[in-house]
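Morning, everyone. Please have a look at the next structure. I'll start with a question once it is up.

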Amino acid sequence: DSARNGFSFKGIKDYLECYRSGKLTPSQVAKNIIAMLEDCDKSTPPLRAIVQWDQEQIMQMAEASTARYRNKCTLSCLDGIPVCLKEEFKVVPYHHRVGTVYLGTQPETEDATVAKKLREAGAIIIGVSNMHELGTGTTGCNPNRYHKIPRNPYNPNHFTGGSSSGSAAAVAAGLCPVAIGTDGGGSVRIPASFCGVVGLKGTFGRISCHGSLPLSYSTVSVGPICTSVTDAAIVYSILAEPDLLYPYGLKQPKATLSDMCAPDLKGLKLGVDWTFFKACDAEILSACEKAVKHLQSLGASVVEVSLPEMEEARVAHVICILSEMRDFLQPDFNKHFHEMNLETRASLALASQFTALDYIKANRQRTRSMRFLQEIFSTVNCILTPAVPCTAPRIYESDLLTGSSDMSFTVRSMRFMQLGNFTGIPGLVVPIGYSTAGLPISLQVMAKWWDEAVLLRIGLKLEQFRDQTKKPSIYYDILA
């Protein structure tokens with residue numbers, strides 16, 4: 001807990017304090033959220049963070065939570081906490097559209113594992129959030145009739161980042177302190193960075209993907225987007241465990257938060273490949289270098305490391321994720337081609353150019369990259385990089401009508417993200433400041449497989465680096 005002057009986001013603790021003191025009940029909070037959701041849809045431009053919500057559903061969960069607080073039998077520290085899930089997850093009774101106009105024609109009757117776990121913890125699911133169509137891009141630009149373009153709460157004329165675009169926008173705009181996203185090429189960490197909030201991509205298999213559309217089965221991890229590292233740790237500790245319906249995570253070691261609250265970073269070695277680190281805009285580099293110095297001042301040592309074959313790993317990651325998506329979406333591509341956004345068609349058409357040989361070679365590269373990382377993690381506890389090499393890009397008028405397809409931006413935005421997806425290691429992005437234009441800048445910490453605890457420990461200290469939190473220009477104070 002750190003007392004702050006000025007603006008600070010409302011997190012899980014603030015909600016719990018209101019509930020426990022009797023200042024507000026979950027039912028009152030739910031009414032406020034419903035009023036805000038109505039307001040979001042009417043605002044100019046509309047926020048478009050939450051694309052499906054149901055007043056009756058929200059009130060039902062809130063009233064059950066209110067009764068539990070009254071009877072002092074709450075289910076977890078997420079009881080009564082508003083959350084949203086990316087539309088990639090099945091959530092009863094919403095449509096599982098995954099950002100398209102043609103999927104999810106009927107309301108869902110079965111929850112994804114993460115939705116089920118959040119319900120069991122007593123959370124109030126306020127709806128499903130907007131996403132880049134089929135997760136195929138990093139801007140969040142989705143011009144189709146059900147979705148439209150979510151706006152960055154720090155500047156509505158800029159993109160949120162994608163593909164978990166609505167999840168990051170909902171958290172940054174104060175609609176809920178917790179959102180769940182998926183990350184196959186930075187899809188949790190890019191929008192969290194662009195929207196100035198915390199994003200955690202768990203180790204591959206750590207949090208169950210069961211009940212999400214299996215777009216790319218070897219690169220996608222699930223993770224929370226939250227207003228603080230503490231909240232990300234709370235959500236992680238509730239969601240991270242084996243799920244019999246999701247075989248990839250069955251053999252995982254127990255998730256812990258060991259040493260997370262250690263008073264300093266003494267004894268920790270932070271790996272930095274400076275050549276790789278510096279491939280970003282000057283403003284971002286300057287902020288990230290200062291943040292690294294801040295971690296050093298807390299007792300951590302910075303060790304220069306060399307990340308080998310990064311260009312090969314980058315190309316191989318693109319081959320793996322696009323080949324797997326193309327394989328899974330082949331029937332859709334044939335049958336629903338004309339209902340897809342132009343950008344999605346282009347990405348899937350590109351994907352069809354890869355051969356079986358390309359895919360096999362890419363997976364050989366994966367084995368090599370994992371080997372290199374094993375060696376690097378025997379000498380350091382984590383690897384630091386900027387989160388994204390640039391700040392959130394501008395939205396142009398034409399994007400609203402036909403969408404946006406900028407391959408060079410997509411490639412650049414994923415630069416620091418792909419290693420985590422390609423090799424399955426966990427990554428955490430934490431906001432550390434703002435550009436002169438007032439857009440958020442973040443630093444990324446990556447650790448060895450299953451060592452999310454060290455990310456959270458470093459993340460807590462990184463949060464102290466930012467001397468102030470700027471209030472987003474679109475912000476709803478649900479507890480006011």
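Which residues does Arg48 touch, not counting those up to four places away in sequence? They are Asp41, Asn130, Tyr146, His147, Lys148, Ile149 and Pro150. Contact here means heavy atoms within 4.5 Å.

Before going on, the ground rules. This is a predicted model, where local features need pLDDT of at least 70, side-chain atom pairs count only at pLDDT 80 or more, and totals for chains, interfaces and linings use all residues. Residues are numbered from 1 along each chain as its sequence is written, and side-chain values use heavy atoms, leaving out hydrogens and water.

Back to Arg48. Its place is in the loop between α2 (26–42) and β1 (50–52); helices (H or I, at least four residues) and strands (E, at least two) are DSSP runs, numbered from the N terminus. Arg48 is buried, at 15% relative accessible area. Buried means under 20%, exposed over 50%, and partly exposed in between, with a 1.4 Å probe and protein chains only. A polar atom of the Arg48 side chain lies 2.9 Å from the backbone oxygen of His147.

Next, the nonpolar cores. A core is a set of buried Ala, Val, Leu, Ile, Met, Phe, Trp, Tyr and Cys residues joined through side-chain atoms within 4.5 Å. The largest has 134 residues. Ile458 is one of those with the most contacts inside it. Beyond four places in sequence, Ile458 is in contact with Leu265, Leu268, Leu270, Leu295, Cys382 and Val445. Another core lies apart from the largest one, with 12 residues, including Leu134 and Phe333.

Methods
Polar contact = N/O pair within 3.5 Å; in protein donor to acceptor, adjacent residues only side chain to side chain.
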